[in-house]
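This report examines the side-chain contacts, helix packing and confidence of a single chain. Please consult the sequence and the structure shown here alongside the text.

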Amino acid sequence: MTRVKRFATPFLATALFGMTLLPGAAIGQEAQPQVTTSEVGGATLYSNWNIVQNATKSPLHKTLIKAISSAGLVEELSAPGPFTLFAPTDKAFAAIPKMSGWLMNPANSAALVEVLNFHVVPGRLTAADLYKRIKAGGGSAVLTTVAGEDLKLTEVQGNIKIEGTQGSVGFVTETDVEQSNGMIHVINGVLMPTMG
């Protein structure tokens, strides 16, 4: 009987010691999700940051973050979501200077909100999800934005093309930038809603 006790004590101590070495886990706590990083424009973005935090750090999205702030959407896009944001680059906004200037005018803030919401889809959609939907749709997919309007997605030579209204179009240039509250896909165009 004594032998069993001597064996059990070191075994139990070893087992408990091993448990304390598990990364991210403490006794009585769940393991935390692993933080991943993405590089956008040379900046490192973190999966445990929200959409606004990461967009603020991205050197390619200065105009977008200024627009989000001007439209009063910081709180919405920092909420738990999840959301998928098709994020136009500064170059995309610069390609339509008259429209961008008009949108950034405080008198047109309602229109700016419409345009920005037209780039946001409910849910966390990866590039694999988007390609799967395009394939299931026979070559195209429709996503309804938080603005309530539809974006059309197609695959062109392996790239995802997104069409808005008024001939607006963008291609996804960087995929799967993971956020704590969703996903960002970088696009090279500004998508326009109906603008009612």
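In this predicted model, the side chain of Ser168 reaches the backbone nitrogen of Met192 at 2.8 Å. A further backbone atom, the oxygen of Thr165, lies 2.7 Å from the side chain of Ser168.

| Side chain | Backbone atom reached | Distance |
|---|---|---|
| Ser168 | oxygen of Thr165 | 2.7 Å |
| Ser168 | nitrogen of Met192 | 2.8 Å |

Ser168 belongs to the loop that runs between strand S7 (159-163) and strand S8 (169-179). Its relative accessibility is 9%, so Ser168 counts as buried, the cut-off being under 20%. With neighbours within four places in sequence left aside, Ser168 is in contact with Ile162, Glu163, Val190, Leu191 and Met192.

The buried residues of H3 are Leu64, Ile65, Ala67 and Ile68. These residues lie on the same side of H3 because they cover an arc of only 160 degrees around the axis. Their cover includes helix H2 (51-57), helix H4 (74-78), strand S3 (83-88), helix H5 (90-94) and helix H7 (109-117). After H3 comes Gly72, which has a positive phi, near 70 degrees.

In soluble globular proteins, nonpolar side chains tend to be buried together. The largest nonpolar core here has 28 residues, of which Leu64, Ile68, Leu77, Leu85, Leu116 and Ile184 touch the most other members. Two or more residues of this core come from each of H2, H3, S3, H5, H7 and strand S9 (182-187). Apart from this core lies another, of 15 residues, among them Phe86, Leu130, Ile134 and Val172. Not counting residues up to four places away in sequence, Leu64 touches Leu85, Ala87, Pro88, Asp90, Phe93 and Leu116.

The mean pLDDT of the chain is 83, and 83% of its residues reach 70 or more. Among the elements, strand S5 (residues 140-144) has the highest mean pLDDT, 97, whereas helix H1 (residues 2-20) has the lowest, 39. Over residues 1-27, pLDDT stays under 50, and the model has 3 contacts beyond four places in sequence for these residues. Where pLDDT is low, the predicted coordinates should not be read in detail.

Notes: Residues are numbered from 1 along each chain as its sequence is written. This is a predicted model: local features need pLDDT of at least 70, side-chain atom pairs count only at pLDDT 80 or more; totals for chains, interfaces and linings use all residues. Side-chain values use heavy atoms; hydrogens and water are left out. Helices (H or I, at least four residues) and strands (E, at least two) are DSSP runs, numbered from the N terminus. Buried means under 20% relative accessible area, exposed over 50%, partly exposed in between (1.4 Å probe, protein chains only). A polar contact is a pair of N or O atoms within 3.5 Å; within protein, one must be able to donate a hydrogen and the other to accept it, and residues adjacent in sequence count only if both atoms are side-chain atoms. Contact means heavy atoms within 4.5 Å. The arc is that of the directions from the helix axis to the C-beta atoms. A nonpolar core is a set of buried Ala, Val, Leu, Ile, Met, Phe, Trp, Tyr and Cys residues joined through side-chain atoms within 4.5 Å. pLDDT is the predictor's confidence in each residue, from 0 to 100.
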